[in-house]
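Trainee: I have a model open and I'd like to learn how to read its features one by one. Could you walk me through it?

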Amino acid sequence: MKNAGLVAAAALVLATDAFVLVEAAYNRSGAPVASMQLTERELRLLRPQRESTALYLEPQWEERWPSHKFEDGPGWFDQAKLEELGYDCRRPVADAVAEASYGAMPAKDAFAVLEYRPDSETGAEDRATRSRLFPVDAGRDFAALRAKYADARRFLVVPCVVKLFYTAKWDANTRRFAPGAYLRGSVVELQVGSIAAPPGLERLQNSNEYFSTVEGRARGPRYVAVLAYGQNHEPWISSLRHIQ
Amino acid sequence: MDRVAAQLRADRIRAFREELAELECEGALTLDAAQRAALESHLERTLAALADRFDVDTTESQKQISWGMRIASTLGGLALCAALVLFLLRFWGVLGIAVQVGVLVLAPLLLLAATEFAARRERGLYYASLLSLATFGAFILNLNVLGSMFNLTPSSGALLAWGIFGLLLAYRYGLRLPLAAGLICLSFYLAATIATWMGWRWMSFPEHPENMLPGALILLAIPLRRFDRVYRGLGLITLFLAILLLSENGAFSYLPAGKALVEGIYQAAGFAAAGAAIGLGIRARVTFVANLGAAFFAILLYLRFYHWWWDWMPGYLFFLIVSVTSIGLLALFKVLRARMAA
């Protein structure tokens, strides 16, 4: 056929677009697999460019331990959990090349369990603008995690990206790394890290800029949204309302 | 015959005319009037036919202008892609979902139609080349933005679709830039698939350069007659880059060996690969293969010098050794060039 290449190129565009649209429709079909009501503290507004009218909400979560408490150890995301997620941790951490070897290991896909903790539980005064979501577990089987953390109003099970970190303890007195290095994991990002924002937020400034102002910190979040996850574990904002 | 072969023929005819004039000046060859007239008539007819059918450059100044047109065409295509992206970002939020999907689906199709129209009207394919770049860019934008509109998980399948699209554009219109872009996407798709088989995220494929090696070897091994320079060039560059990265940091290798041993293995492999490229390039009379091999050899060698000597050797002595080595390499490449000419 004379124009076979041209027809094939056009057909490829249409076929891939149709596939994408069918996948999107399937994801949002039926009841959501997970959903939770969150505020601007957990879903930060992002405008990618100064002139952009395309807006996104980025889920935020807190690490279980602040940075100055590394000496307390890996917490729940320890070597056993890393091995459960498929990391090969057989090389002793005291090995001379352990840091380079473990540092070269890439990230992996997994599911994370994010726990929603109200401010009354966290207690810190400086947390008024920070997320109330905390990662508390990770695994490769969504159904197993959902069964273990069955309270859907408190726990959100989401597809994420985890990474292994080789952590050495720094001794400020001797100015050297102290013995007792360990391996820890971290939920570094969600597989879908930016969610298309629904209409209604066009006039708002970016959340990071807003929360960096005195007025922003005093007033608090400007909207409440329901984050839903569908059949393919892909998210969308099912509803949003402004906080007066 | 394609446009590349036609241009080579036109270049040989121009070089032949110049050398013939030189030989006549030196008295080495004399043509009588009938021979000269027949020869000139044949050369003129051949050049006219090539120019008419393939729009080739028949003079040196035409060639230089054509280079400028190719650069302008490439820059224009890239600028058109940037304008499209920024235009969509500016007005995206005010469009409804149905309109957004319609724009995304129609953009690559309309640009494809424009590319076809330009290719049928213009033999030189400068406008078609510009539009083909914009078409490829529009298809990348299409899948990226659809994915972010519906919050879909990024998939390596997009690389496969882009790669096939690039190849379809390249073979339809005989264009090398979409071919190179398509082959890069397909190489990345293969590398991403290998990363998945090894238990990592597909997006982490650049973190293990060995993921790129099978794709590089395929590009080098495919038997071809058309676009062979693009395939071989990309294959060599990918192979050399992967080996270079692993020779510098063996921690990113899949090999079950110590970091230093892995680096040593890939340093040796790098020198062997460079030598093989130079040898094969000379034997097959493919200049760019020999040149790529020579450039990679030099880069590897200078990196070794740096790692071996920089920390302890006086600076003046280090650069003296580098310059003496460069002179040695110059002499070696001169010999290689003479052998290619023989």
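**Reading the model, feature by feature**

Mentor: Let's begin with surface. Chain A exposes about 12500 Å², and 52% of that comes from carbon and sulfur atoms. Accessible areas here come from the Shrake-Rupley method with a 1.4 Å probe, and for residues only the protein chains shown count as cover. Before we go on: this is a predicted model, where local features need pLDDT of at least 70 and side-chain atom pairs count only at pLDDT 80 or more, while totals for chains, interfaces and linings use all residues. Residues are numbered from 1 along each chain as its sequence is written, chains are lettered from A and ligands numbered from 1 in the order in which they are written, and side-chain values use heavy atoms, with hydrogens and water left out.

Trainee: How many helices and strands does chain A have?

Mentor: Helices (H or I, at least four residues) and strands (E, at least two) are DSSP runs, numbered from the N terminus. Chain A has seven helices and 10 strands, and its C-alpha trace spans about 70 × 60 × 40 Å along the principal axes.

Trainee: And what share of the residues in chain A is buried?

Mentor: Buried means under 20% relative accessible area, exposed over 50%, and partly exposed in between, with a 1.4 Å probe and protein chains only. Of the 244 residues in chain A, 46% are buried. For contacts, meaning heavy atoms within 4.5 Å, look at sequence separation: among those in chain A with a separation of 6 or more, 66% are between residues 24 or more positions apart.

Trainee: Now charges. How far apart are the mean positions of the positive and negative charges of chain A?

Mentor: Lys and Arg count as positive, Asp and Glu as negative, and His and the chain ends are not counted. Each charge is placed at NZ of Lys, CZ of Arg, CG of Asp or CD of Glu. Chain A has 31 positive and 31 negative charges, and their mean positions are 2 Å apart.

Trainee: How many salt bridges does the structure hold?

Mentor: A salt bridge is a side-chain nitrogen of Lys or Arg within 4 Å of a carboxyl oxygen of Asp or Glu. Over all chains there are 20. One of them pairs B:Arg201 with A:Asp109, with the closest N and O atoms 2.7 Å apart. This pair joins two chains, because B:Arg201 lies in the loop between α7 (176-197) and α8 of chain B, and A:Asp109 in strand β4 (residues 108-116) of chain A. B:Arg201 is buried at 9% relative accessibility, while A:Asp109 is partly exposed at 36%.

Trainee: Which residues are linked in a network of salt bridges?

Mentor: A:Lys81, A:Glu84, A:Asp137 and A:Lys148 are. Elsewhere, A:Arg153 bridges to A:Asp151, with the closest N and O atoms 3.8 Å apart. A:Arg153 is exposed at 73% and A:Asp151 partly exposed at 32%.

Trainee: Which residues gather in a patch of negative charge?

Mentor: Patches are made of residues with over 30% relative accessible area and no salt bridge; like charges are joined within 9 Å, nonpolar side chains (Val, Leu, Ile, Met, Phe, Trp, Tyr) within 5 Å. Here B:Glu18, B:Glu19, B:Glu22 and B:Glu26 form the negative patch on the surface. Of these, B:Glu19 belongs to helix α1 (residues 3-26) of chain B and is partly exposed at 42%.

Trainee: Last one, backbone angles. What is phi of B:Phe227 near?

Mentor: Phi of B:Phe227 is near 60 degrees, a positive value in a residue other than glycine. B:Phe227 is in the loop between α8 (213-221) and α9 (228-248) of chain B, and is buried at 12%. Leaving out residues up to four places away in sequence, B:Phe227 touches residues including B:Tyr171, B:Gly174 and B:Leu179. B:Gly174 is 53 residues away from B:Phe227 in sequence, yet the C-alpha atoms are 8.6 Å apart.
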